[in-house]
Every structure is written in structure tokens, then in C-alpha cells.
Amino acid sequence: MTDLNGELIRLIEQNHREDGSVATAIPRLHLVRFSRPTERIHGFYEPAFCIVAQGRKRAMLGDRIFEYDRSRFLVVSVDVPVVGQIIDATPREPYLCLRLDLDRALLASLFMELGDGFRDRLGHDRAPEQGVVLSAVTPELLDASLRLVRLLEKPADTAVLAPLVEREILYRLICSDQGVRLWQIAHRESRLQQINRAIGRLQRDFEKPITVAELAAEAGMSVSAFHQHFKTITAMSPLQYQKQLRLQEARRLILSAALDAASAGHRVGYDSASQFSREYSRLFGAPPMRDAARLRAQPAVSAAV
């Protein structure tokens, strides 16, 4: 796989020369580059596949830690708050990866073509697992990923060939040990998607008081089953997840809308300024305004996988 990986490095560097994440001309395909290690970056990962060409990254979901490099690919199955950190990158050998956002409709179409027998062999009815996972990169998956990036050099071919290569990548993922996870993303009534409906409610109404019973009803589960599945997938309770949404949005408001801490806290649902400041400091390591000043003094980075 060395030659394939070397070409992937060359193509990513050729198409993305600045640090950060960039959307490409190919739908759902992003390239990521960092020329030096970063501090911990808080953000939300959306359902995606990520394969590293060079360097190494650490992702923290709750108390779970995932380190990945070119030997392991990452799959995210549901929106989750993750702390990401580039831990191996230099200007000479930057961290380079590609991210392909997962298209649920395309996955569902593939599973329809593969038929019930294939889905039954997966054992797809088992309980959902954690929302972030690593697996070993195979030559077939690396080759398909490389061919997708190659199309950036041939824009005339992209409209016809990119959808075919994307389907192949998804097929390779389905045939890997993450096949069940891909089925759960695709299937509207899987337990993963039931939890996803509750996550959607949290994202829409994060600033409002929401009970676990309301979220369980949104998911169509009993309270005990909902709480168990939610924590398995996200590594946190529903209310901890809501807190992450609130605090990350407050941080964004302080940085981009120049709100003071009390106003930002109130905007995201905190009645107590002292509680907001305390919980903000616990998550981000400093009180709101000191944290904002530190971030403004640093180059902007994203939490892209």
C-alpha cells in the first residue's frame, strides 16, 4: 500500500496547500491539512468516513480516546461532540487526510441492491455501538479513496465517475467490519436512527429545558432503553450532550458575535451566569472571556476529522 499512500499524499498536498479543512469540487469530499500539532479542538463530528494519508490524530469522545493514522480509518455514525487534536505533523510532513461525508440515501440504495440476504448475514438487528470507531485500512479501500481524489485532477470526468467511486468506497465500508454500523446509518428505523431523532431534537431546542422522557418519546423508546442506547452511542448522557451543545454555541457567540459571557450564557439557556462560567471553564479550561482572548490570538483551526 506504500505506493498508493505516497500518491495520496502528493494529491492532497497538490490540491490543498493551506492549513485547515476545505470542501472540494466533488460533493461530500473534504481535504484536511495541518502543518503542526494543535491544541485540543472542540467541535461536532457528523457522519463521515476519514482516511489519513500522513500524520496522526487523536479524537476524544467522552472518556474514550481514538488515535488514528494511515493504518486505521475512522467512521462516525451520528453527530457527536468530539475533542480533536493533531499529534503528529510538521511543515515538512504535515497531517493530511480526506473526509467523505456519509450520504444516508446512497447507503440505503446500496443496501437495497445487496438484498435481504446480505443484510441478514451482517446481523444488522443487534444493538447500536459507539458513534466513533476505528478499523484497519485495506488496500481496496485505500485504492478507491485514492481514485476519488485523483478525479480532482480531471474535472471533466468528475460528474460521471465520482458517484461511481463514492459508491465503491461505501461498498468497501459495508464489506468491512463496520458493515452493521453502515446499515444502522442507512436504515430509518434502526436504533441508531431512533437515537438520531432525539439528537435532532436536542440540536433544534438545545437552549430549552428538555426532559429525558421527552427525548425518549422522540426516539420511540422507553426511558431506560433510550438512556442506555444514547450513552453507548455518544459516551455521555442526553443532558451532558445538551450541555456540550450549549457551551459550544456560547463559545461561538462570544467569538463571532462579540457577546459578553453573561449574554452568551443567557442566549443558550443558562439562567445563572456563575453556573455558566463554571461549566464553561470546566469544558474549555478557562473562563469565557479569557478563553476567547486566547483563541483570538491564535490561528483559526477547525475540529475537522
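Author: Helices here are DSSP runs of H or I with at least four residues, and strands are runs of E with at least two, both numbered from the N terminus. Keep in mind that this is a predicted model, where local features need pLDDT of at least 70 and side-chain atom pairs count only at pLDDT 80 or more, while totals for chains, interfaces and linings use all residues. Residues are numbered from 1 along each chain as its sequence is written, and side-chain values use heavy atoms, with hydrogens and water left out.

Reader: Which backbone oxygen does the side chain of His 16 reach at 3.2 Å?

Author: For a polar contact, look for a pair of N or O atoms within 3.5 Å; within protein, one must be able to donate a hydrogen and the other to accept it, and residues adjacent in sequence count only if both atoms are side-chain atoms. Here the His 16 side chain reaches the backbone oxygen of Glu 18 at 3.2 Å. A polar atom of that side chain also lies 2.8 Å from the backbone oxygen of Gly 20. As for contacts in general (heavy atoms within 4.5 Å), His 16 touches Ser 21, Val 22, Leu 31, Val 32 and Arg 33, once its neighbours within four places in sequence are set aside.

Reader: Let's go to the core. Which residues of the largest nonpolar core touch the most other members?

Author: The general idea first: in soluble globular proteins, nonpolar side chains tend to be buried together. A nonpolar core is a set of buried Ala, Val, Leu, Ile, Met, Phe, Trp, Tyr and Cys residues joined through side-chain atoms within 4.5 Å. The largest one here has 94 residues, and Phe 49, Tyr 95, Leu 102, Leu 148, Ile 169, Leu 173 and Phe 226 touch the most other members. Take Phe 49: beyond neighbours within four places in sequence, its contacts include Phe 73, Leu 98, Arg 99, Leu 102, Ile 169 and Leu 173.

Reader: How many salt bridges does a search of the whole structure find?

Author: The search finds 23. One of them pairs Arg 58 with Glu 67, with 2.7 Å between the closest N and O atoms; Arg 58 is partly exposed at 23%, and so is Glu 67 at 24%. Another joins Glu 113 to Arg 167 at 2.8 Å. Glu 113 lies in helix α2 (residues 104–122) and Arg 167 in helix α4, so this pair ties together parts that are 54 residues apart in sequence. Glu 113 is exposed at 55%, whereas Arg 167 is partly exposed at 24%. There's also a network: Arg 201, Arg 204, Asp 205, Lys 208, Glu 214 and Glu 218 are joined by salt bridges that share partners.

Reader: Now the outside. Which residues form a nonpolar patch on the surface?

Author: Patches take residues with over 30% relative accessible area and no salt bridge, joining like charges within 9 Å and nonpolar side chains (Val, Leu, Ile, Met, Phe, Trp, Tyr) within 5 Å. Areas come from the Shrake-Rupley method with a 1.4 Å probe, and for residues only the protein chains shown count as cover. Val 160, Leu 161 and Leu 164 make up such a patch, with about 270 Å² of accessible area together. Leu 164 is in helix α4 (residues 155–175) and counts as exposed at 52%.

Reader: Last one, backbone angles. What is phi of Arg 28 near?

Author: Phi of Arg 28 is near 75 degrees, a positive value in a residue other than glycine. Arg 28 lies in the loop between β1 and β2 (29–34). Ala 258 also has a positive phi, about 55 degrees, without being a glycine; look for Ala 258 in the loop between α9 (238–256) and α10 (261–267), where it counts as exposed at 61%.

Definitions and conventions:
Salt bridge = Lys/Arg side-chain N within 4 Å of Asp/Glu carboxyl O. Buried < 20%, exposed > 50% of the residue type's maximum accessible area, 1.4 Å probe, protein only.
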